[in-house]
Amino acid sequence: MCIRRLFRSSHLQWAWRAAFLKHSQCGHQGPWRWTHSGGGPYRAVIFDMGGVLIPSPGKVAAEWEAQNHIPSGTILKAFITGGENGPWLKFMRGEITKEDFLQEFRRICSEISNTSVPVDNFFSLLTSEQVAKQFPVMTEAITQIRAKGLQTAVLSNNFYLSNGKSFLPLDRTQFDVVVESCVEGVCKPDHRIYKLCLERLGLQPSESIFLDDLGQNVKAAASLGMRTIKVNDPEAAVKELETLLGFTLRTVIPNTRPMRKTMEIPKDSLEKYLRDLLGTQTTGPLELLQFDHGQSNPTYYIRLAGHQLVLRKKPPGTLLPSAHAVEREFRIMRALASAGVPVPKVLDLCEDSRVIGTPFYLMEYCPGLIYKDPSLPGLEPSQRRAIYAAMNRVLCKIHSVDFKAAGLEDYGKHETSTIPAMERLIEWLPLHLPRQEKITVVHGDFRLDNLLFHPEKTEVLAVFDWELSTLGDPLSDVAYSCMAHYLPPSFPILRGLRDCDLTQLGIPTAEEYFRMYCLHMGIPPTENWNFYMAFSFFRVAAILQGVYRRSLTGQASSATAEQSGKMTEFMSNLAWEFAVKEGFRIFKEMPATKPLTRSYRTWAGPRSPPSTPGARSYIPLPEPSSAHASKGALVISPEGLSPPARELYERLKQFMDQYVYPAEPELRRHQASAERWTPAPLVEDLKEKAKAKGLWNLFLPLETDPERKYGAGLTNVEYAHLCELMGMSLYAPEIFNCSAPDTGNMELLVRYGTEEQKARWLTPLLEGKARSCFAMTEPQVASSDATNIESSIREEDGFYVINGHKWWISGILDPRCQLCVFMGKTDPHAPRHRQQSVLLVPMDTPGIKVIRPLTVYGLDDAPGGHGEVLFEQVRVPKESMVLGPGRGFEIAQGRLGPGRIHHCMRLIGHSERALALMKARVKSRVAFGKPLVEQGTVLADIAQSRVEIEQARLLVLKAAHLMDVVGNKAAALDIAMIKMVAPSMAYRVIDRAVQAFGAAGLSGDYPLAQFFAWARALRFADGPDEVHRAAVAKMELKNRI
């Protein structure tokens, strides 16, 4: 498992899964049958081919006619035309060639239907592999008949193909005798061909049973004294044959039972779905059983028209968002099958809950041996060792899969009593994570009874139960597969080996098994094996808690799930024993009743992709009350957010860890390449993932979107915490569709746009299909004062005509930029704050000319960039006006209030990341004989940065709180103060980090240089510091004397 990821989640989102198809099924099915051990008076079973062993020509014809709009019954009428001397019977007696038959048959069909009939197409379908395939139920029946010592024969009316071979798409070794009409020159119902078959079998008619789908053929056989079965459906025919023979012809599926009442699924809709999926061969009733085992995703055995399938579905009821993800199981099994890992063949994933109530997937049923008891009773020591070696080899095969080549690069993931050992482990495990993790595909539930073995060889045929699979540390799988070594044999869910003499049994010890794995993988043994064992038992304990909870509501799919509540403490104590063995006793004496606390600190892990670059951790707060979670609550840490906002925060944090930080090196390379003016494909891919996970358009404040039509409905305070998290990466805001200038433009459209303007511009922006820019700043005037702008907007012939010179227009160079929100003067003689207006200008409007891209400290910020632009005689319809003439200043002020919160919180995210990188750097670098972290000036810089970050964050949160409570206008003083504080604070903190990195801090290898450039630029972009200081001073003097 990716161990770090577990401890970044606020919930343990797993469920215990027991064995899938946990049964042992064996039996020799070789060719030697020395005794006749069943069947009563019968010594042979004779099968027709078409309609009995394979689909009948009549049924194939009926479906083909419907699909090709041929009059119904045309082919069947042509079959019987001419009787004994007709082309069909001549063809089956071998008297005419295929070519002659088709020519004559085409003529007859065309006469019958009064239209041209493509009989060649029909014949190709009839003889194709997809149609002419033996029914599995018949294959199984023949195997059982021969195992009982009876003979089998096929007696078929068939024909020669163009290659001179007879059409017999069957395995001839299944039959003692094969009689073909085209070879013998005789067709059923001629008595001679029946007698020929009986003669070759050496039997009397009464010693045989004959199966055919045509009444005349059955009647002829019966007249000779043969016992007959008229076949309308292969399944029903096999049941009738079982009655005559006195023994079962179908394998009993062990560990299945009728569906439990709480786990029933609608058979009618499932049957319709299966018939549509499986096609023409689906005849006969649906047989549906439930496997006894499995405590997570209910699993069912299906038999339909000879098909044996396994259905695995989500359980009913309310589920955790990422739990029971059958979609992930389907995906991993399909990918691993292509990579050569033995897994069941998956057939289809159905995400339409209307079919059976929840999503599900289908796979082929795999017969074989599953060993439920890890001690492997009844086997020789050499066989036991071979089985464990095979288990070890297949685990190595899983861990050797190139998950990127398999398309799994993004595959990472998922009320009970208090148990002291679990509380200690929750605190102990995150503090002792392995320093390095190799990332591979991880099964997550790898153990002996999740493997299907070949009945005769020590070969793993399939690995089951992939629900817990992910990308992570492969050693967690190795440890998990050794849990049985430490459990007692009587353990209810997973039998153990603790009291067994492994040497005598021939089973490798846990240490030997681990060494075997390391040898196969070519890696040295790890030193912290006990950590992995502690983690494995902790996982099971956590899972058992969840199973027990579901059992209380009847949602657990195993009837024994209620026992899980009694086993949780046992597993927790085992886990803690391993923790103690590892030598860490920090929390051993922790009182059970004392609440666990976490220090108030920042931290940063290693720079490997799974680690969090920097995160805040606070003393846990009480669960927020409804009042506390309401609009206007001042929440100073993520732990105090309302449950929905906290859950959103955790999901965002997980997405950043899993996708965004690992993508940064590739995105930096793209940004420095010649293709940088083209949007990075990786960003587009991550945007789709974020959208799919509901991490999209988070920025719109509740006051702007009270009905939550467009966004997540967060307050400014709630979004401030998420915005800081996005500020940890330069690329994150765009990935979540929360980047400027689009956010401000979208809010402008929500607040002030007409329905027509929203339909044209807001919808594509919200969907991420378009980008936009905001054109206000001008090179000739101090544009921080919006009343200074000079660009003109004049009315002319029902249009507005724009002329002006703008620069620092962020995003205008992006090829996706479709909208320019333009601010200009409509009436220079109106009162000072009523002169400006805002227009929505399509970027393909003639007259827009980009003069050049501008750079910030040499950074061009591709692909959006910052453009200097001329607007010359740009004409737009009057419907492009926002709110009305003279409302531009009002719109600009309304647009920029929340935007200031976004910029400031992102800057705090920049600062947190910079400080985290700085701390990691100074711990690892040595100068003048000692680590940098021991230098007094470095320590002072770290302390100063922490203080400044906390001060700025509290001021920003206060401003957000006032915006929620009293509105943007009343919060003007606090907004002005954060404009002063946040950019300058970030500038200083990032500068200290750059200094700690030395020359590396100036490079593109780290985000510091770009963080620094943005922090400095925002001291202008949000208005000059001097303007904000003046505004604060004026309000201070006005309001507080």
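**View 1. The whole chain at a glance.** The protein chain exposes about 44100 Å², with 53% of it supplied by carbon and sulfur atoms (Shrake-Rupley areas, 1.4 Å probe). This is a predicted model, where local features need pLDDT of at least 70 and side-chain atom pairs count only at pLDDT 80 or more, while totals for chains, interfaces and linings use all residues. Residues are numbered from 1 along each chain as its sequence is written, and side-chain values use heavy atoms, leaving out hydrogens and water. Of the 1041 residues, 57% are buried (under 20% relative accessible area; exposed is over 50%, partly exposed in between, protein chains only). There are 31 helices and 26 strands (DSSP runs: H or I of at least four residues, E of at least two, numbered from the N terminus).

**View 2. Helix 28 alongside helix 29.** The axes of helix 28 (residues 936-966) and helix 29 (residues 972-997) come within 9 Å and cross at roughly 155 degrees (lines fitted to C-alpha atoms over the stretch in contact; angles run from 0 to 180 degrees between N-to-C directions). That makes the two helices roughly antiparallel (over 145 degrees; under 35 is roughly parallel, 65 to 115 roughly perpendicular, the rest oblique).

**View 3. Ser945 in helix 28.** Ser945 sits in helix 28 and is buried, at 0% relative accessible area. Its C-alpha atom is 9.3 Å from that of Ala993, 48 residues away along the chain.

**View 4. Ile636 in its loop.** Look for Ile636 between strand 17 (615-617) and helix 21 (643-671). Ile636 is partly exposed, with a relative accessible area of 48%.

Key:
Buried means under 20% relative accessible area, exposed over 50%, partly exposed in between (1.4 Å probe, protein chains only).
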